[in-house]
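Work through the exercises below with the model open. Each task is followed by a solution in steps.

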Amino acid sequence: MSFSADDHRFMARAIELAAKGRFTTSPNPNVGAVLVHDGVVVGEGYHHQAGGPHAEVVALQQAAELARGADCYVTLEPCSHYGRTPPCAEALIKAGVRRVVMAMQDPNPQVAGRGVALLQAAGIQVQSGLMASSARALNAGFLSRMEQQRPFVRLKLAASLDGKTALRNGASQWITSKEARADVQWQRAQSCAVLSTAETVLRDGARLTLRPEQASAAITPLQDGSYRQPLRIVLDRQQRLTGNEPLFQQAGPIVLVYPAGSAALALAGARTLLVPCSEDGYFELAALMLALAQDGINSIWVEAGARLAGSLMRAQLVDEFWLYQAPKLLGDQARGLVDGPEFTDLTQAYALQWQDIRQLGPDVRFIATVQGRG
């Protein structure tokens, strides 16, 4: 299916708009829409917040009567079901648009193909697939939850040049610079949840909250002016947390994960989640991810030590590997990056593919996708 240069230009604008919602739309996807009449943009919008109007509706409200006979460029298939808002497909039909160009179909089973069918039944021309890869990149977490029934997992680690994350005595604050830590705040803001362990909370006094004033760039607030705090998920297999840690002194939702069959402790208003453990006593992380997906969690930012990093890698649950590396040497007695099995052949090593490498202050940030083993 061929698209014109103008089609690409207007879809690029819709994708640009959709990205504005990446701090606020959870658990919904990021969606942008542009309405064009006779080559002129007459309305545009993006989905700002769950429960609020969808991108198409915002664009239609801006276009008013000029929407009749217009083309609608939208980054995701218009919804066809009643949720907290009416179906966007019906709104487009009622407004009298003549053509809808989608970047991609919605994998949500409540929508998939149904929005297209409604539009086509109303005589509206529908085209799909324009800049689909860019649209998918906007919603890696939402797509992972819909297609794989688990959140998209980004594993964050901070290390010295020799690959050490802490001294032998556990001291790790601060290996990386304020610029790297500001970038971490920026990434927390875009994640549905931050995952860590009781060990990290106790050792570092970790709060795991978003501190927007410390972020590397501006973060979009919610409509009431506040900032969405990511869900803080803490694995506490031995129930070591008491509720008096700094974690509990900060506003924002918390989920404490305990072994299935244990007596869940009610600490400072935190929710509890019981997850089965394997024979070696550790959490079954695949079961945890399934439960979190069912709870509407699209993406997870992991901030923990080598043990959880290794467990996630072995379970093949890491989608992206984020390493902030400082120009320091901690020595061979310091703690390593990932607690993994001993390999006897290089073909057994974890294979990564670089996606981005850039300098942040004195540090370097590496982003790689995980390709598997071998």
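A pocket here is an open set of grid points where a 1.4 Å probe fits, with protein on both sides within 12 Å along at least five of seven lines; lining residues have an atom within 4 Å of a point. The model is predicted.

**Exercise 1. The largest pocket**

Task: State how much space lies in the largest pocket, and find which residues lie nearest its centre.

Solution. 
- Step 1. The volume is about 1300 Å³.
- Step 2. The lining counts 49 residues. Nearest the centre lie Thr200, Arg203, Glu303, Ala304 and Gly305.
- Step 3. Now assign elements. At least two lining residues come from each of strand 6 (152-160), strand 7 (164-166), helix 7 (178-190), helix 8 (198-204), helix 10 (306-314) and strand 14 (335-336).
- Step 4. Helix 7 gives the most, with 7 residues.
- Step 5. Sort by class. The lining holds 20 nonpolar, 13 polar and 16 charged residues.

**Exercise 2. A salt bridge with a lining residue**

Task: Glu303 is among the residues nearest the centre of the largest pocket. Which side chain meets glutamate 303 in a salt bridge?

Solution. 
- Step 1. The partner is arginine 188, at 2.8 Å, N to O.
- Step 2. Locate both ends. Glutamate 303 sits in strand 12 and arginine 188 in helix 7, 115 residues apart. The pair links distant parts of the chain.
- Step 3. Check burial, which requires under 20% relative accessible area. Glutamate 303 has 10% and is buried. Arginine 188 has 6% and is buried.

**Exercise 3. The second largest pocket**

Task: Describe the second largest pocket by volume, lining and class.

Solution. 
- Step 1. Its space is about 710 Å³.
- Step 2. The lining has 32 residues; Ala137, Leu138, Asn139, Ala140 and Arg154 lie nearest the centre.
- Step 3. Two or more lining residues come from each of helix 5 (132-138), helix 6 (140-148), strand 6, helix 7, strand 12 (299-303) and strand 13 (320-326).
- Step 4. Helix 6 gives the most, with 7 residues.
- Step 5. The classes divide into 12 nonpolar, 14 polar and 6 charged.

**Exercise 4. Helix 6**

Solution. 
- Step 1. Name them: Ala140, Gly141, Phe142, Leu143, Ser144, Arg145 and Met146.
- Step 2. Look past the end. Just after helix 6, glutamine 149 takes a positive phi of about 60°.
- Step 3. Look for a charged link. Arginine 136 forms a salt bridge with glutamate 147, with the closest N and O atoms 3.0 Å apart. Arginine 136 is in helix 5 and glutamate 147 in helix 6, 11 residues apart.
- Step 4. Check exposure of this pair. Arginine 136 is partly exposed at 36%. Glutamate 147 is partly exposed at 40%.

**Exercise 5. Other salt bridges**

Task: How many salt bridges does the count give? Examine the pair of arginine 271 and aspartate 295.

Solution. 
- Step 1. The count is 17 salt bridges.
- Step 2. The side chains of arginine 271 and aspartate 295 meet at 3.2 Å, N to O.
- Step 3. Arginine 271 lies in strand 11 and aspartate 295 in the loop between helix 9 and strand 12, so the pair ties together parts 24 residues apart in sequence.
- Step 4. Arginine 271 is partly exposed at 44%. Aspartate 295 is partly exposed at 42%.
- Step 5. Look for networks. Salt bridges link Asp7, Asp71, Arg98 and Arg99 in one.

**Exercise 6. Cysteines**

Solution. 
- Step 1. Set the cut-off. A disulfide needs two cysteine sulfur atoms within 2.5 Å.
- Step 2. For cysteine 72, the closest cysteine sulfur is in cysteine 88, 9.0 Å away, too far for a bond.
- Step 3. For cysteine 192, the closest is in cysteine 79, 19 Å away, too far for a bond.
- Step 4. Cysteine 72 is buried at 1% relative accessible area. Cysteine 192 is buried at 7%.
- Step 5. The count of disulfides is 0.

Methods
Residues are numbered from 1 along each chain as its sequence is written. This is a predicted model: local features need pLDDT of at least 70, side-chain atom pairs count only at pLDDT 80 or more; totals for chains, interfaces and linings use all residues. Side-chain values use heavy atoms; hydrogens and water are left out. On a 1 Å grid over the protein atoms alone, a cavity is a set of points where a 1.4 Å probe fits but cannot get out, and a pocket is an open set with protein on both sides within 12 Å along at least five of seven lines; lining residues have an atom within 4 Å of a point. Grid points are joined across faces, edges and corners, and a volume is the space filled by probe spheres set on the points. Helices (H or I, at least four residues) and strands (E, at least two) are DSSP runs, numbered from the N terminus. Ala, Val, Leu, Ile, Met, Phe, Trp, Tyr, Cys and Pro count as nonpolar, Asp, Glu, Lys and Arg as charged, and the others, Gly among them, as polar. Buried means under 20% relative accessible area, exposed over 50%, partly exposed in between (1.4 Å probe, protein chains only). A salt bridge is a side-chain nitrogen of Lys or Arg within 4 Å of a carboxyl oxygen of Asp or Glu.
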